[in-house]
Each structure stands twice: as C-alpha cells, then as structure tokens.
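Here is a short note for a colleague who is opening this structure for the first time. Please read it with the model on screen.

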Amino acid sequence: MAQTKITSKTFKLNTGAEIPAIGLGTWQSKPGEVGRAVEAALRAGYRHIDTAFAYGNEKEVGEGIRASGVPREEIFLTTKLDNPWHKRAPEALKRSLENLGVDYLDLYLMHWPSSTDPDDPKKHYPDWDFVDTWREMQKLMETGKIRNLGVSNFGIKNLERLLNDPSCKIVPAVNQIELHPGNPSPKLVAYCAEKGIHCTGYSPLGSSDSPLYKNETIAAIAQAKNRTVQQVLLLWGLKKGWSVLPKSVNPDRIKANFDLDGWDLTDEEMAKIDAIPDRFKVCGDAWLPIKVFFGDDE
Ligand SMILES: NC(=O)c1ccc[n+]([C@@H]2O[C@H](COP(=O)([O-])OP(=O)(O)OC[C@H]3O[C@@H](n4cnc5c(N)ncnc54)[C@H](OP(=O)(O)O)[C@@H]3O)[C@@H](O)[C@H]2O)c1
C-alpha cells in the first residue's frame, strides 16, 4: 500500500509529545549557509530542526527559523548539551536558548556520554560521568524551558547503566544515534523500543562522501522507482521506525529529501537494503577521552 503523507508523520514520545519524522540536520552546515538552509527547509514543509551547541551555528539556526515566518510553536527544535559543559548544564541551556533566540526547546539531548574536562579536551573528569550529568539535566525540566529530555550516542551498555541508576527518574524520550544501512544497530534499536525510548537516526544518508551513494542494491531500487538514492535511504529509515535527520544546505536537495509522499518501498526492497552487509560508522569514539561504543549494538 502506498504511504500517504509520510512527511507529516510524527512519532509519539514517552512523554506524549510528537516528534516529526523528518528533521533538517545542521552539523557541518557553515555560517552564511545554515540560516538559509533552515529557512528553506521550513518553507518546504519541514517542522523539525536539529542543531547542537557544538555545531557553533545555533544563532544562525534561530535566525533561519525567524526568517521562515513559521510560528515557533509549529516547530520541533532540538539542541544538545556539549561534552565540556556536563558540569554546567543550567548555564549551557541558558546559552543555547539565547543563541537560538527561543524561550524553550522541544528536545534537549546529552550529546555524548562523555564528560570532558573543559580545560583539557583529552581528559575525562575523574569525579563525574554521564549519570551525574543526567541527574543535573533532569533538574532542568523544572525550569519549564525543555519539553523533552533525551540522550545521543548511547549504546546498550551505557543505557543500562543510566536506567539502572537510582538517580534516573526520567527515561530519555529519545536516543539520537547513527542509523543507516551501514550501521543499522538492530539490537540497540530493539533495546530502545523495549524501554520506550524513540530512536532518531543521524547521518541517515551516510554523511559527507557517503559510500552508500555507490551501493548497487540501493542504486537499483532507486532507479526502478525513479527516485534518488537519498530518498530511498530516508524512506527506508522511516519505515524501520525511526525519525531521520537529513542534512543539506542546498535548497533543491532540501526539497528533494522531503519529497517522500505518495510512493513506497516493498517488503522485498526493505529486506534487500536490510541485507546489505557492508558496515561503516561516521561518528566513532576515538576522538573522545573515553570509549562509549562497545560493538554490542548489532
Ligand atoms: N548526535 C550526534 O552526535 C550527531 C552526529 C552526526 C550527525 N547528527 C545530526 O544528523 C544530521 C545528519 O547527519 P550528517 O550531517 O552526518 O549527514 P547526512 O544527512 O547523512 O548527509 C549529509 C551529506 O549528504 C549531502 N546530501 C544531502 N542531501 C543530498 C542529496 N539529496 N543528494 C546528494 N547529496 C546530499 C550533504 O551535502 P549538501 O549539504 O551539500 O547537500 C552532506 O554532504 C546532522 O546534520 C546532525 O544534525 C548528530
């Protein structure tokens, strides 16, 4: 059966809130480009924007939102607590809100389960980790400035630790993780579903210079359907049950990535993509002072 209006689909979070299925990614979207990209996306119908303090572009993302004319309350806006700010969550939130020029966030994520010493990015705090950070982030909910709280880059091992800690009162609404056919993480996705945590898939296209664009299986499906490889990748992710965050600063691609209504992938096509054996990860943990991925998510 053909999908009707998948672009207006939302997923229900464990808070009752609805997260729009397709969001614009903004990592590596440069100054001078990102504001226009956000504006173009909102004008094309996107209602979900993903940014992060670490991307250094929150201010321009906020400008793009305002330039679009789309009312704030119609937009699901996500930003993230940066690693060197784990001990200063209230101040980090304040800065992000000021940068974005908004008075609330729809979703505030802990960007990585890594509490980095701001004086030395190679060092992890000896007396603090992500469980402490979550305890402090939970308190931020009392400010009324965050509608939903979540995590990002949490594998099963770290989620288990977080959820089993007595200080954990709020089950994360979202775990934003790398998800594409080269990193499908089925065990992690199933674990999150069991715990009531919605998964959002980042790098859904395989990120910059994606090897997925040369994949013959995906190319054949795209050709047969007269669709782009990117559209097939996005619909595959949505049909797997996660929200997707395609990034582009090109208005035509922004529009094309949202042109997902009125066609579908068959079970057989989904299974073919599921069966692609090649694995790669865009965002590893080698740059962090601690290991956060343990190879147990697939
Ligand atoms: N939580 C985290 O730690 C984390 C980590 C990574 C990403 N993310 C989020 O997820 C978003 C998406 O991930 P990503 O930025 O890594 O990569 P992505 O969305 O998988 O791919 C983006 C790349 O694909 C290109 N592209 C986009 N649409 C295209 C199209 N229709 N045809 C051809 N090329 C196209 C973009 O170039 P152009 O811009 O030139 O079109 C860019 O080079 C990020 O922007 C960020 O918001 C979160």
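1. **The model.** This is a predicted model, in which local features need pLDDT of at least 70, side-chain atom pairs count only at pLDDT 80 or more, and totals for chains, interfaces and linings use all residues. Residues are numbered from 1 along each chain as its sequence is written.

2. UniProt lists residues 22-276 as "domain: NADP-dependent oxidoreductase", in an unreviewed entry. UniProt positions follow the numbering used here, feature names are shortened, and annotations may be inferred rather than shown by experiment. The span is 39% helix and 11% strand. Its end C-alpha atoms lie 23 Å apart. Helices (H or I, at least four residues) and strands (E, at least two) are DSSP runs, numbered from the N terminus.

3. **The sheet.** Seven strands form an open sheet with parallel pairing, in the order β3-β4-β5-β6-β7-β8-β9. The edges are β3 and β9 (243-244), each with a single partner strand, so one side of each has no neighbour in the sheet. Two strands pair if DSSP finds at least two bridges between them.

4. **Strand β5.** Strand β4 (residues 76-81) pairs with β5 (residues 107-110) in the parallel sense. Four bridges join them. Lys-80 stands opposite Leu-109. The chain gets from β4 to β5 through helix α3 (residues 89-100), in a right-handed β-α-β crossover. Right-handed means that, with the strands pointing away from the viewer, the path from the first strand over the helix to the second runs clockwise. Within β5, Leu-107 and Leu-109 point one way, Tyr-108 and Met-110 the other, and all are buried. A residue is buried if 20 or more other C-beta atoms, placed from the backbone, lie within 10 Å of its own C-beta atom.

5. **From β5 to β6.** Three bridges join β5 and β6, again in the parallel sense. Met-110 has Val-151 as its bridge partner in β6. Helix α4 (residues 130-140) carries the chain across, and this crossover is right-handed.

6. **Strand β7.** Why is strand β7 largely enclosed by the rest of the structure? Five of its five residues (174-178) are buried, so the rest of the structure largely encloses the strand. On one side, β6 (residues 149-152) pairs with β7 over two bridges. Val-151 stands opposite Asn-175 there. β6, helix α5 (residues 156-164) and β7 make a right-handed β-α-β unit. Strand β8 (residues 198-202) is joined to β7 by five bridges and runs parallel to it. Asn-175 faces Cys-199 in β8. Helix α6 (residues 186-195) links β7 to β8 in a right-handed crossover.

7. **The ligand shell.** How many residues surround the ligand? There are 29, and the closest are Gly-25, Trp-27, Tyr-202, Leu-205 and Lys-247. Near means a C-beta atom, placed from the backbone, within 6 Å. By class the shell has 10 nonpolar, 16 polar and three charged residues. Ala, Val, Leu, Ile, Met, Phe, Trp, Tyr, Cys and Pro count as nonpolar, Asp, Glu, Lys and Arg as charged, and the others, Gly among them, as polar.

8. UniProt, in an unreviewed entry, places the feature "active site" at Tyr-55. Tyr-55 lies in the loop between β3 (48-50) and α2 (58-68). Tyr-55 is buried, because 20 other C-beta atoms lie within 10 Å. Not counting residues up to four places away in sequence, Tyr-55 touches Thr-26 and Trp-27. Contact means C-beta atoms, placed from the backbone, within 7 Å.

9. **Asp-297.** Asp-297 lies in the segment after α10 (267-274). Asp-297 is buried, with 21 other C-beta atoms within 10 Å.

Terms used. A residue is buried if 20 or more other C-beta atoms lie within 10 Å of its own, exposed if 12 or fewer, and partly exposed in between; C-beta atoms are placed from the backbone. Two residues are in contact if their C-beta atoms, placed from the backbone, lie within 7 Å.
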